[in-house]
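The notes go from the ligand to the helices and then to the loops.

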Amino acid sequence: MFRAGLAGLCAMAVALAAGDALAVLVRPAASPVLVVGSLLVDLAPGPVKEFAIRTFGESDKAVLVAVIVALLVPVAFLLGVLAARRPVRASAAAGGLGLVVAALAVTRPAAQAADALPSLAAALAGAILLALPGARPDAAESTDGTGPPRRRFLAAGLGAGVGAVLGDAALRSAVPGPETAAAAPLPDHPARPLPPGTDLKLPGLTPFITPADRFYRVDTALVIPRVDTRSWRLRVHGVRTVELGMGELLRLGLIESDITLTCVSNEVGGRYAGNARWIGVPLATLLARAGIPAGTDQLLSRSHDGWTGGTPVAAVLDGRDAMVAVAMNGVALPPAHGFPARLVVPGLYGFVAATKWVTDLRLTRYADEQAYWTGRGWATDAPVKTMSRIDLPTPFARLRAGPVVVAGVAWAQRRGIAAVEVRADGGPWQLVRLAAVPGADTWRQWTWTWQATPGTHRLEARATDAAGRTQTGRRAAPFPSGAEGWHSVVVTVT
Ligand SMILES: Nc1nc2c(c(=O)[nH]1)N[C@H]1C(S)=C(S)[C@@H](COP(=O)(O)O)O[C@H]1N2
Ligand SMILES: [Mo]
């Protein structure tokens, strides 16, 4: 029975590796395990998403794939046991499973017919392998071979399984990722140089500009979409439908602006915020081309992988630097951050306004269509809440008594940060020194010197926006419209 189960595992490994290898060559997102994973991502209720992000952070996708593979182990084992007695049933079951996944693959948003192929290949491979007489240890035992049959059987099965997985991994690392242009277009309206003193350059303090490779990444894509700039098109549906290629888009005129992006799932003190200098075409220019139908209040944007975001039209048109961005920090967008084009709208959380790999914009009404996360219970209107974060000292740091640098970043995009206060052990709030900022749409560094005395202490920070509103100390979870509360750090001073 154990060997029969093991045979099932080997058959499943070969089948999935074959499916994955074909996907790598045809459509990376159509790999059977990833199809199931994407479906689970879409079905997961808001609180589950929150839990996954809180617990696993940016490894959430790897954890999901590992969980699916782990769940497949007993299934494969049972199929192997079944195959020893009823090979036809076992291969029908394996084939059926593959067919179901193939059907799921072609019904995913933005799917193509070819997306069924990897799962069909896996189904076929699984069905054939389970029906092979060699897959049945009893049968293998009765044939006369040179070596001991059991051992030969095990070696062949394991060899095939491990070989297939290794071969697939080798193929994966050999096939290059999407091509991305290194050069960014030059803006027609460049941003002014940063005022002196925006970056206090304190070791351990979040830099003012986040390098792309350290910029947080949040999306539902298990595989980063590969979008070819040459075939990429942006459709804008308003009074008219306007369709643009990359060259035509860039000729509409480019602005450049410093904007801090924030994820609604960011916990108090969390790292899901990043600041970059973006280059792009103003959304207002694009929408004027298409014409804005009377009564529309939502700009529904759709990505290459079928994700949607719903942005208030009023926010896009009120003069802020809302754009279809094509560059980040002076270079083309990295694939993980939306190459070749994404939306950036200052002041709104990413899930309503930062659509990556954008291909389609539609002026519509909130009453008629719901975007991805809003349809799952998250907010409709999602302005970024005022937040401050302590970067220094780090939680549970052990410090020497005397002057200690306390520093961090605070943000209230669109409004701007007017003040940050810090206190120790619930004592009086102390105003801190604020760094310079280029405008109201970025975060702002701050620093303060604390006279630390021996003992365990709790430091807390709170920010006040330029409208005069101070962050509330009442804690709120990220769901459904963003976390609230003061960030605190506990340290030990000796
Ligand atoms: N296509 C697509 N765009 C997307 C998302 C997504 O899941 N798919 N997630 C959004 C969310 S929730 C956030 S916070 C931002 C994050 O952008 P970043 O990964 O570049 O930091 O992208 C937004 N754009
Ligand atoms: Mo987000």
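I started with a cut-off: a polar contact is a pair of N or O atoms within 3.5 Å. I also kept in mind that this is a predicted model.

**Entry 1: the ligand's polar contacts**

I checked D305 against that cut-off, and a polar atom of its side chain lies 3.5 Å from a nitrogen atom of ligand 1. Then I looked at K356, where an N or O atom in the side chain is 2.5 Å from an oxygen atom of ligand 1. For T220 I had to turn to the backbone: one of its polar backbone atoms is 2.9 Å from an oxygen atom of ligand 1. How much of ligand 1's accessible area does the protein cover? I found 100% of the 530 Å² that ligand 1 has on its own.

**Entry 2: the shell around the ligand**

Next I wanted to know which residues come nearest to ligand 1. There are 18 residues around it, and Y216, T220, H337, R342 and K356 come nearest. Two of the nearest residues, T220 and K356, were already in my notes: T220 for its backbone atom and K356 for its side chain.

**Entry 3: two helix pairs**

I moved on to helix α1 (residues 2-25) and helix α4 (residues 60-85), whose axes come within 6 Å and cross at roughly 120°. I therefore wrote down α1 and α4 as oblique to each other. The handedness of the crossing, as α1 passes α4, is right-handed.

Is the crossing of α2 and α5 left-handed or right-handed? I have it down as left-handed.

I looked for cis peptide bonds and noted the one from F339 to P340, with omega near 5°. P340 sits in the loop between β8 (331-332) and β9 (342-344).

I noted another cis peptide bond between L392 and P393, with omega about -5°. Where is P393? I found it in the loop between β11 (387-392) and β12 (398-399). F396 is in the loop between β11 and β12 too. I flagged F396 for its positive phi of about 65°, although it is not a glycine.

Terms used: Residues are numbered from 1 along each chain as its sequence is written. Chains are lettered from A and ligands numbered from 1 in the order in which they are written. This is a predicted model: local features need pLDDT of at least 70, side-chain atom pairs count only at pLDDT 80 or more; totals for chains, interfaces and linings use all residues. Side-chain values use heavy atoms; hydrogens and water are left out. A residue is near a molecule or strand if one of its heavy atoms lies within 4 Å of it. A polar contact is a pair of N or O atoms within 3.5 Å; within protein, one must be able to donate a hydrogen and the other to accept it, and residues adjacent in sequence count only if both atoms are side-chain atoms. Accessible areas come from the Shrake-Rupley method with a 1.4 Å probe; for residues, only the protein chains shown count as cover. Axes are lines fitted to C-alpha atoms, for helices over the stretch in contact, and angles run from 0 to 180 degrees between N-to-C directions. Helices (H or I, at least four residues) and strands (E, at least two) are DSSP runs, numbered from the N terminus. Angles under 35 degrees count as roughly parallel, over 145 as roughly antiparallel, 65 to 115 as roughly perpendicular and the rest as oblique. A crossing is left-handed if the near helix is turned anticlockwise from the far one by less than a right angle, and right-handed if clockwise.
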